[in-house]
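Here is a short briefing to read with the model open beside you.

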Amino acid sequence: MSNILYGLNIALKAMLSQQIAIQVTEHNVANATTPGYRRQEAMLSADLPHIFPSLRANVVPGQLGMGVVVNRIRQYNLEFFDDRYRRALSDSKGWQMQAEVLKQVEATLAETSEDGLVEKLDAFWTGWQALSNDPTNLAVRADLLERGAALAKSINWRAQSLVRIQQDQNSLILQRVNEINTLASKIAALNVEIVAVKSAGSAPNDLMDQRDQLITRLAELSGATAAIQENGEALVSIGGHALVIGATTFKLATTGGNLATIYWEADSVAFNPSRGELAGLLQARDVIIPRILTSLDSLAQNLVNQVNALHASGYALDGSTTGLNFFDPTGTTALSIRLSSSVSGQPQRIAAAQQSNAPADGNNAVALASLRESLVMSGATETFNQYYTRQITEMGIDIQRAEAFARDRLDVAKSLDALKEAVVGVNLDEEAANLIKYQRAFQAATRLVTVMDEMLDKIINGMGVVGR
C-alpha cells in the first residue's frame with residue numbers, strides 16, 4: 001500500500017532540488033563577467049520509482065514515482081572550439097611579439113627623423129664634396145672629420161641599441177619560461193583535485209574552469225595543447241613534448257650567458273616552440289635582430305674598406321703621401337667603426353689630393369665624394385644609401401606583415417570565442433527566466449507540503465474513535 005508520508009518526501013525532494021537549481025542559477029549570474037567561466041545547469045531527473053510488493057498485481061496499478069532529484073551539475077563546454085581558439089590565439093601572440101620588437105627596432109633606427117643614418121651618410125659625402133671645392137681650408141677639413149665621426153657614432157649607437165633590445169628580449173624569454181613552469185605546477189595541482197572530486201561522484205566545474213584558463217595562458221605563451229582524459233586529468237604538451245601528465249610536470253630550463261637557450265630539464269632536448277609569445281620572442285632575438293645587425297656590419301665594413309682604399313692612395317695637405325686610413329681598419333663592425341687615430345684631430349692629414357705637392361688639388365676628395373653613387377654593396381648592385389634604405393623598407397614591410405598576421409589570427413580567435421560564448425557563456429535574460437521557473441516550482445513544492453500537512457492533521461487530529 002502507498003504511504004501518505006511518501007507525498008511529504010516527494011515534496012521535500014522537490015523543494016531541495018529546486019533550491020539547488022536556484023543556487024546554480026545564482027552562481028551563473030554572479031559569474032556572468034568572470035573571464036573563463038562556463039555556465040552550469042542543474043540537471044533534474046525523476047527519482048527511481050517505488051514498487052509495492054503484493055500478492056495481488058492489481059493492488060497498485062504500476063510503479064509509483066518518487067519525485068525529482070538533481071542528477072548532476074552540468075557544465076557547458078566545447079573542447080573542439082577550445083583547441084581551435086587556443087591555436088589561433090597563440091599564432092596571434094607570436095606575430096604580435098614580432099611586430100612589437102620590429103617597432104622597437106624601427107624607433108631605434110630613427111630613419112624618419114633628422115638623425116637618420118641616411119642623413120648622416122649624405123652629410124658625410126657632402127663633406128667630401130665641400131673639401132674638393134676648397135681643399136686648403138682647415139675649417140672644411142675639420143668639419144669633414146666631425147661628419148665622419150658623427151657617422152661612425154651613429155652606426156655605433158644603432159648597433160648598441162639593437163644589442164640592448166636583444167638582451168631585453170632575452171630577459172622576457174626567461175620570464176616566460178618561469179611563467180610556463182609555474183603554470184604547469186598549478187595545472188598539475190588542479191589535476192589532483194579534479195580527479196579526487198570526480199572519483200567521489202561530484203562535478204568539479206569551477207576547478208576545471210580555473211584549469212582551462214591556465215591552459216589558455218600556456219597556449220598564448222608557447223602554443224601548448226591539452227587533452228582531457230576520462231578521469232578528468234589534463235595532459236598538456238608543447239610541440240609534442242609532455243609538459244604535464246597528471247600530477248607530474250616536465251619543466252623547462254635555461255642556460256646562462258647573454259642569450260640563453262631553452263631545453264627540457266628532464267631529457268635535455270632543445271625547446272623550439274612554433275607558436276606563441278615565446279616563438280615570437282625567440283624569432284626576434286635570434287633571427288630578426290641578428291639580421292639587422294649583420295646588415296649594419298656589412299655597411300660598416302664596406303664603408304671602411306672603400307673609404308680607406310681611396311684615402312690611403314691620396315696626398316695630405318703638405319703634399320706628402322699619407323698611406324693612412326680615414327677609418328680605423330680594425331673597426332669593421334657596426335659596433336667598432338671609428339675614425340683612425342692617424343687623422344682624428346688632425347684635419348691637415350686628410351688626403352684630398354691625387355698629386356704630391358699640390359695643395360689645391362681636390363681630386364681625391366672628388367673620388368671619395370663619388371662613393372655616394374658607387375655600386376659597392378650587395379655584390380656591386382647598390383650604393384651605400386640604397387642598401388641601407390632597402391633594409392629599412394624591408395623592415396617596414398616585415399612590420400606590416402607581422403601586424404596583419406597578428407590581426408588576422410586574433411580576428412579568427414575572437415570569432416571562435418564568440419561562437420563558443422554563445423553556448424558556454426552566461427545569458428542574463430535566460431538565467432532570469434530560469435530563476436522564475438525554479439522559483440515557481442519551489443513555491444509549488446512548498447504548497448504541496450502544506451497540503452500534506454493538512455491531510456496528516458486531518459488524520460491525526462480530526463478523526464475520532466469509532467463508536468464514541
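**A sheet, its helices and its cores**

In the hairpin of S5 and S6, two residues lie between the strands, and glycine 246 takes a positive phi near 60°. Helices (H or I, at least four residues) and strands (E, at least two) are DSSP runs, numbered from the N terminus. Two strands pair if DSSP finds at least two bridges between them.

Please keep in mind that this is a predicted model: local features need pLDDT of at least 70, side-chain atom pairs count only at pLDDT 80 or more, and totals for chains, interfaces and linings use all residues. Residues are numbered from 1 along each chain as its sequence is written, and side-chain values use heavy atoms, with hydrogens and water left out.

**The sheet**

- Four strands form an open sheet in the order S3-S4-S5-S6, with antiparallel pairing. Its edge strands are S3 (225-228) and S6, each of which pairs on one side only.
- In general, strands of a sheet pair through backbone hydrogen bonds, either parallel or antiparallel.
- S3 and S4 run antiparallel and are joined by four bridges; alanine 227 stands opposite leucine 235 in S4.
- The hairpin of S3 and S4 has five residues between the strands, and glycine 232 in the turn has a positive phi of about 100°.
- S4 (residues 234-238) pairs with S5 in the antiparallel sense over three bridges. Valine 236 has valine 244 in S5 as its bridge partner, and isoleucine 238 stands opposite histidine 241 in S5.
- Two residues separate the strands in the hairpin of S4 and S5, where glycine 239 takes a positive phi near 60°.
- S5 and S6 (residues 248-249) pair in the antiparallel sense over two bridges, and isoleucine 245 stands opposite threonine 248 in S6.

- S5 (residues 241-245) is mostly covered, as four of its five residues are buried. Buried means under 20% relative accessible area, exposed over 50%, and partly exposed in between (1.4 Å probe, protein chains only).
- S4 is largely enclosed by the rest of the structure, because four of its five residues are buried.
- Helix H4 (residues 138-199) lies across S4, S5 and S6, running at about 45° to S5. Axes are lines fitted to C-alpha atoms, for helices over the stretch in contact, and angles run from 0 to 180 degrees between N-to-C directions.

**Helix packing around H4**

- H2 and H4 pack at an angle of about 155°, with their axes 9 Å apart. That makes H2 roughly antiparallel to H4. Angles under 35 degrees count as roughly parallel, over 145 as roughly antiparallel, 65 to 115 as roughly perpendicular and the rest as oblique.
- H2 passes H4 in a right-handed crossing. A crossing is left-handed if the near helix is turned anticlockwise from the far one by less than a right angle, and right-handed if clockwise.
- Among the residues of H2 that meet H4 are Met97, Val101 and Leu109; those of H4 include Trp157, Leu162 and Ile165. Contact means heavy atoms within 4.5 Å.
- H3 and H4 pack at about 160°, with their axes 9 Å apart, and are therefore roughly antiparallel to each other. Their crossing is left-handed.

**Nonpolar cores**

- The largest nonpolar core has 51 residues, and those with the most contacts inside it are Trp128 and Phe326. A nonpolar core is a set of buried Ala, Val, Leu, Ile, Met, Phe, Trp, Tyr and Cys residues joined through side-chain atoms within 4.5 Å.
- The elements that give two or more residues to this core are H2 (79-109), H3 (117-133), H4, H6 (277-312), H7 (363-369) and H8 (384-424). H6 gives the most, with eleven residues.
- Apart from this core lies another, of 29 residues, among them Ile180, Ala188, Leu221 and Leu282.
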